[in-house]
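The exercises below are meant to be worked with the sequence and the model open side by side. Try each task before reading its solution.

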Amino acid sequence: MKALEIKGLKKSFRSNFLIKKFNILKGIDLDVEKGEIYGFLGPNGAGKTTTIKCIMGLLSPDSGEVRVDGLPAHAAAARQRIGFLPENPYFYDYLTAREFLLFSASLFNIPEKEMRDKVAALIHRVGLSGHEDLKLRKFSKGMIQRLGLAQALVNDPDLLILDEPFSGLDPVGRKDLRLLILALREQGKTVFFSSHILQDMELMADRVGIILAGTIRRQGKLSELIARSTQYVEVVCDRIAPKELARIHPDHALRDNQSVLTLAGDADVNLVVESIIHSGGRILAVNPVKMTLEDIFFSEMAGGANGVPTSQSNGTGAPPNPSTLGGKP
Ligand SMILES: Nc1ncnc2c1ncn2[C@@H]1O[C@H](COP(=O)(O)OP(=O)(O)OP(=O)(O)O)[C@@H](O)[C@H]1O
Ligand SMILES: [Mg+2]
């Protein structure tokens, strides 16, 4: 059974005067396995928060279904298993961290003694020890995010839904939060988090769903998405005239006084290398280049036409010639 399953989720909003209808979610299908960290990746305005609000029952979808552990997400039994960190959380300014967490815990009918122990443990866990009696209005953005995560954990949920948990955190805060989320997975919890930051995805997501303009464009294991994607090979050499190089392979460029040939992943690299040596050239490097999540993301943004790595991340300074890459979707 899936920890979370969304099928055909559609949501539209109407303009102020109900004249125009905006289709925001256009039939979202995704599923999250138990015990995995699922990264919900998409640019601003793609529909991540709208999807999450539908999961949490804060918005009612036009159509489609959301299931948690096989149960409809709106069922009380399903809701009890979810912990939620909203985007830009805002908590009662005049409560202390401890008071706020005790209040959150009280909503779940936890016995008084257990509640106090639990809150103390959570404060320690999210790194807020020493600040438990500080009023929240004195909390920094990072501290609020930590408190938000503690609040999401107060009912010991099986599934955590975190909307942009890394937003506004400095590098130390990001790392701490990453370690915390990884530790939650170790405990067998399922984490669904949204972000538009690729590095967060690459560093911890087991699977990724890419949402663009209200549609899931790709979903899969990060390792598979990257491995399945186009690879190419760069052969770096020098001491060879451009004319000779052009004869060996049409796609070549000069970079830092070195010639770089870009070959399709399935090209005969040996043959090219031998030809260069035979012509008096010197081989400096042979680099297989894998597609990164960033490449996949930009390729989808550009229409997902060929899945060819772009200059944003391949480090060549210039996009490789798609015609020589044999790119596949
Ligand atoms: N209540 C609403 N009424 C009208 N339009 C809305 C409403 N909520 C969201 N939208 C629109 O839906 C689209 C998706 O918004 P959403 O907040 O889901 O995006 P997002 O992927 O979470 O973006 P971000 O990365 O900026 O948080 C946006 O164009 C937004 O303007
Ligand atoms: Mg959002």
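**Exercise 1.** How are α3 and α5 oriented to each other: roughly parallel or oblique?

*Solution.* This is a predicted model, in which local features need pLDDT of at least 70, side-chain atom pairs count only at pLDDT 80 or more, and totals for chains, interfaces and linings use all residues. Residues are numbered from 1 along each chain as its sequence is written, while chains are lettered from A and ligands numbered from 1 in the order in which they are written.

Begin with the elements: helices (H or I, at least four residues) and strands (E, at least two) are DSSP runs, numbered from the N terminus. Helix α3 (residues 97-106) and helix α5 (residues 141-153) pack at an angle of about 25°, and their axes are 9 Å apart. Axes are lines fitted to C-alpha atoms, for helices over the stretch in contact, and angles run from 0 to 180 degrees between N-to-C directions. Angles under 35 degrees count as roughly parallel, over 145 as roughly antiparallel, 65 to 115 as roughly perpendicular and the rest as oblique; α3 and α5 are therefore roughly parallel to each other.

**Exercise 2.** Which residues in α3 and α5 meet?

*Solution.* Two residues are in contact if their C-beta atoms, placed from the backbone, lie within 7 Å. On the α3 side these are Ala-97, Phe-100, Leu-101 and Ser-104, and they meet Leu-147, Ala-150 and Gln-151 in α5. Sorted by class, this contact of α3 with α5 has five nonpolar, two polar and no charged residues, where Ala, Val, Leu, Ile, Met, Phe, Trp, Tyr, Cys and Pro count as nonpolar, Asp, Glu, Lys and Arg as charged, and the others, Gly among them, as polar.

**Exercise 3.** At what angle do α3 and α4 pack, and which residues make the contact?

*Solution.* Helix α4 (residues 112-125) packs with α3 at an angle of about 125°, with the axes 10 Å apart, and the two helices are therefore oblique to each other. From α3 the contact takes Ala-97, Arg-98, Leu-101, Leu-102, Ala-105 and Ser-106, and from α4 it takes Met-115, Lys-118, Val-119, Leu-122 and Ile-123. These divide into eight nonpolar, one polar and two charged residues.

**Exercise 4.** Which element gives the largest share of the shell around ligand 1?

*Solution.* A residue is near a molecule if its C-beta atom, placed from the backbone, lies within 6 Å of it. Of the 13 residues around ligand 1, those that come nearest are Phe-13, Asn-44, Lys-48, Thr-49 and Thr-50. Both β2 (21-32) and α1 (48-55) supply at least two residues of the shell, and the largest share, three residues, comes from α1.
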